[in-house]
Amino acid sequence: MTARRASRQLHGGKVTYAVLILFTAGSLFPLLWTAVAASRNNTRLAQTPPPFWFGGNLLKNLGTAWTDANMGTALLNTTVVATTVAAGTVIFSTVAGFAFAKLRFRAKRLLLLLVIGTMMVPPQLGVVPLFMTIAELEWTDHLQAVILPTLVSAFGVFFMRQYLLQALPTELIEAARTDGANSWRVVWHVVFPAARPAMAVLGLLTFVQAWNDFFWPIIALTQNGSPTVQVALTGLGRGFIPDQSVIMAGALLGTLPLLVAFVLFGKQIVGGIMQGAVKG
């Protein structure tokens, strides 16, 4: 009887599926509307009611957005920035999180509080001194101006620290030390394998955030230099009457790589989240 009741609880009823379908449709509607708007023209988008199905201008608008926004260069730059930032954040945050979780050193709690405290500071407050530093180094309109300030995040350090407190047994570290492993070998052969699920989740979150980042790139980069996707999109629709269909086409081009990445790696990402939840 107990097994039957447990199996029954794992199956959702009609109401559950209806709610899930409703929320899924609501989540997909903005993407669908972007694709519909990108396939129309400005005149049709201004009419009431607006269109709710695809038109015949999708390829034309995509081509215009690709050319006007220099989207090929922007996509390459954004891929480099997002990949580098995600990899750096995952590696540095994992190492720092391991130190805060398992190592003993002076002022450990104070340093952790300082790291967490930086999360409370609005990023806008650091824009002026950061831009002055970038200008002094002559990095303006270069990708390193966007990459280096975001190679590690306080959230990533705190996230990995909390995960490693539970997922990494202290006995495993002591066993590696007994076998003669130094700190870096412990990190490479013990910490990284144990933290792999959390690293996958943090890497995905950081990649998406870096891909969609607009505030700092629009300050450090220009559209004619080394733009990211978000900076390049600001060049679309300029004029007395902005062409909304071309703007939507550019937004669609900037979103498609994220969708492709999630389709290719979604199973591993979800598996990492579930494995981390079970360990926690």
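The legends below describe close-up views of a predicted model.

Residues are numbered from 1 along each chain as its sequence is written, and side-chain values use heavy atoms, with hydrogens and water left out. In this predicted model, local features need pLDDT of at least 70 and side-chain atom pairs count only at pLDDT 80 or more, while totals for chains, interfaces and linings use all residues.

View 1. Helices (H or I, at least four residues) and strands (E, at least two) are DSSP runs, numbered from the N terminus. Of the 280 residues in the chain, 34% are buried; buried means under 20% relative accessible area, exposed over 50%, and partly exposed in between (1.4 Å probe, protein chains only). Contact means heavy atoms within 4.5 Å. Among contacts between residues at least 6 apart in sequence, 71% join residues at least 24 apart.

**View 2. Helix H11 covers residues 183–194.** The twelve residues of H11 should span 16 Å at 1.5 Å a residue, and the end C-alpha atoms are 15 Å apart, which agrees. The expected span is 1.5 Å times one less than the number of residues in the helix. Buried residues in H11 are Val186, Val187, Val190, Val191, Phe192 and Ala194.

**View 3. Helix H5 (residues 71–102) packs against H11.** The angle between H5 and H11 is about 100°, and their axes are 11 Å apart. Axes are lines fitted to C-alpha atoms, for helices over the stretch in contact, and angles run from 0 to 180 degrees between N-to-C directions. H5 and H11 are therefore roughly perpendicular to each other; angles under 35 degrees count as roughly parallel, over 145 as roughly antiparallel, 65 to 115 as roughly perpendicular and the rest as oblique. From H5, Ile91, Thr94, Val95 and Phe98 meet Trp184, Val186, Val187, Val191 and Phe192 of H11. By class, this contact has eight nonpolar, one polar and no charged residues. Ala, Val, Leu, Ile, Met, Phe, Trp, Tyr, Cys and Pro count as nonpolar, Asp, Glu, Lys and Arg as charged, and the others, Gly among them, as polar.

**View 4. Helix H10 (residues 170–178) crosses H11.** Their axes come within 10 Å and cross at roughly 130°, so H10 and H11 are oblique to each other. The contact is made by Leu172, Ile173, Ala176 and Arg177 of H10 with Ser183, Val186 and Val190 of H11. Its residues divide into five nonpolar, one polar and one charged.

**View 5. Helix H6 (residues 108–118) packs against helix H9 (residues 154–167).** The angle is about 130° and the axes are 8 Å apart; H6 and H9 are therefore oblique to each other. Leu112, Val115, Ile116 and Thr118 in H6 meet Ala154, Val157, Phe158 and Arg161 in H9. The contact of H6 with H9 has six nonpolar, one polar and one charged residues.

**View 6. Val90 lies in helix H5.** Val90 counts as buried, at 9% relative accessibility. Leaving aside residues up to four places away in sequence, Val90 touches Met199, Leu202 and Gly203. Val90 and Gly203 are 113 residues apart along the chain, and their C-alpha atoms are separated by 5.9 Å.

**View 7. Ser245 is found in helix H15 (residues 244–279).** Ser245 is buried, with a relative accessible area of 1%. Not counting residues up to four places away in sequence, Ser245 touches Ala37, Ala38, Arg40, Asn41, Asn42, Leu45 and Asn61.
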